[in-house]
Amino acid sequence: MERTYKTQMDAARQGIPGARDRDDRMAEARKNLDWDAQYAEALDPERAKAIRDSRLPEDDHSDTCSMCGKFCAVRSMNKALAGEMIDIL
Ligand code: SF4
């Protein structure tokens, strides 16, 4: 996923038409932890999905990725902004 992200950023920097809009959609999907939307915007959706599927997070944290799992900063921030409790213990 990281490689796909960097490639899209490179495309945006190089002025490829539509790359910036696509990168903005990817950023929104990432903020929302919307994995299907991230796959849809990825340059190689099948590879991105295969990587995530091979490294799924622990049980109750399927909205995050396996890097931070229950400590996902994006998830915690979304909950904080929604006025919800953040329980990472
Ligand atoms: S688990 Fe970590 S790397 Fe994954 S989306 Fe959340 S903050 Fe980002």
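## Overall architecture

Helices in this report are DSSP runs of H or I with at least four residues, numbered from the N terminus. The model described here is predicted. The secondary structure of the protein chain consists of five helices and zero strands, and the order of elements from the N terminus is α-α-α-α-α.

The protein chain has 89 residues, of which 10% count as buried. Among the contacts in the chain with a separation of 6 or more, 24% are between residues 24 or more positions apart.

## Helix α2 and Leu33

Helix α2 covers residues 19–31, and Leu33 is placed in the loop between this helix and α3 (35–41). In general, an α-helix has 3.6 residues a turn, so residues three or four places apart point the same way.

Leu33, which follows α2, has a positive phi near 50°. Most residues other than glycine have a negative phi. Leu33 is not a glycine, yet its phi is positive, at about 50°. Leu33 counts as partly exposed because 16 other C-beta atoms lie within 10 Å, where the partly exposed class falls between 12 or fewer for exposed and 20 or more for buried.

## The ligand shell

The residues surrounding the ligand are Thr64, Cys65, Met67, Cys68, Cys72, Ala73, Val74 and Arg75. Sorted by class, this shell comprises six nonpolar residues, one polar residue and one charged residue. Two members of the shell, Val74 and Cys65, are examined in turn below.

## Val74

Val74 belongs to helix α5, which is formed by residues 73–81. With 15 other C-beta atoms within 10 Å, Val74 is partly exposed.

When residues up to four places away in sequence are not counted, Val74 touches Lys31 and Leu33. Val74 and Leu33 are 41 residues apart in sequence, while their C-alpha atoms are 7.6 Å apart in space.

## Cys65

Cys65 is located in the loop between α4 (45–54) and α5. Cys65 counts as buried because it has 21 C-beta neighbours inside 10 Å, and the threshold for that class is 20 or more.

Apart from neighbours within four places in sequence, Cys65 is in contact with Arg52 and Pro57. Asp53 lies 12 residues from Cys65 along the chain, and the C-alpha atoms of this pair are separated by 9.7 Å.

Notes: Residues are numbered from 1 along each chain as its sequence is written. This is a predicted model: local features need pLDDT of at least 70, side-chain atom pairs count only at pLDDT 80 or more; totals for chains, interfaces and linings use all residues. A residue is near a molecule or strand if its C-beta atom, placed from the backbone, lies within 6 Å of it. Ala, Val, Leu, Ile, Met, Phe, Trp, Tyr, Cys and Pro count as nonpolar, Asp, Glu, Lys and Arg as charged, and the others, Gly among them, as polar. Helices (H or I, at least four residues) and strands (E, at least two) are DSSP runs, numbered from the N terminus. Two residues are in contact if their C-beta atoms, placed from the backbone, lie within 7 Å.
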